[in-house]
Amino acid sequence: MDFLVMVAENFIGIFDAGGENLVGLITGILPTLIVLLTFVNALIALIGEERVSKFAQICTRNIILRYSIFPLLAVFFLTNPMCYSFGRFLKEKQKPAFYDSAVSLVHPITGLFPHANAGELFVWTGIASGLTTLGLSTMPLAVRYFLVGLVVITIRGVVTELLTKLMWKETTE
């Protein structure tokens, strides 16, 4: 009988812990996400979609900007998965590399800008929970994770573009 009581208590304990986590999200990160999304949408409206489009076309001329700043702007302003639509500003041969860069940034950006990829927020909160348990700030980790992510997406984008060009050549010959 004691075993069944223990199983029942632990079973309910799982749901109690889930409920506590949900309340923590509702009182913690969700208001931040809503305010960030509102800010980003207001910023785009103030700047104007035409200006944003023109800036995007300027960014895509340079290979380094194309696979660092451009995916960053796409993920920050349009969030995951809408950010991939920024590929419309690129030539066909550059689209696979842009996608590779953008999809590789959706994790590293989450620590600083949780609105960018709210679906993966549980990964960041899991990583950061050790620091918060120790009473430490998560910001140094978030900044480092973000900076390393920018370097990695740039490398991935350049390499993927080179590979795409090679493969494109082989299929057209």
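In the predicted model, Thr79 is buried, with a relative accessible area of 15%, a value that falls under the 20% taken as the limit for burial. Thr79 is found in the loop between helix 5 and helix 6 (95-105), and its phi is near 60°, a positive value in a residue other than glycine. Most residues other than glycine have a negative phi.

Helix 5 passes helix 6 in a right-handed crossing. On the side of helix 5 the contact is formed by Phe70, Pro71, Leu72, Ala74 and Val75, which meet Phe98, Ser101, Ala102 and Leu105 in helix 6. By residue class, this contact divides into eight nonpolar residues, one polar residue and no charged residue.

Helix 5 (69-78) is also part of what covers the buried residues of helix 3, as is helix 4 (63-66). In helix 3 (residues 49-59), the buried residues are Ser53, Ala56 and Cys59; they cover an arc of only 120° around the axis, which puts them on the same side of helix 3. An α-helix has 3.6 residues a turn, so residues three or four places apart point the same way. The face of helix 3 that is turned away from this buried side carries the exposed residues Glu50, Arg51 and Lys54.

With regard to the packing of helix 3 on helix 5, the two axes come within 9 Å and cross at roughly 150°, and because angles over 145 degrees count as roughly antiparallel, helix 3 and helix 5 are described as roughly antiparallel to each other. Helix 3 passes helix 5 in a left-handed crossing. The contact is made by Phe55, Ala56 and Cys59 of helix 3 together with Ile69, Phe70 and Leu73 of helix 5, and its residues divide into six nonpolar, no polar and no charged. Two of the residues named here, Ala56 and Cys59, are listed among the buried residues of helix 3, while Phe70 of helix 5 also takes part in the contact with helix 6.

How values were computed:
Residues numbered from 1 in each chain as written. Predicted model: local features only at pLDDT ≥ 70, side-chain atom pairs only at ≥ 80, totals over all residues. Heavy atoms only, no water. Buried < 20%, exposed > 50% of the residue type's maximum accessible area, 1.4 Å probe, protein only. Helix = DSSP H or I, 4+ residues; strand = E, 2+ residues; numbered from the N terminus. Arc of directions from axis to C-beta. Contact = heavy atoms within 4.5 Å. Axes fitted to C-alpha atoms, helices over the stretch in contact; angles between N-to-C directions. Parallel < 35°, antiparallel > 145°, perpendicular 65-115°, else oblique. Left-handed = near helix turned anticlockwise from the far one by under 90°. Nonpolar A, V, L, I, M, F, W, Y, C, P; charged D, E, K, R; others polar.
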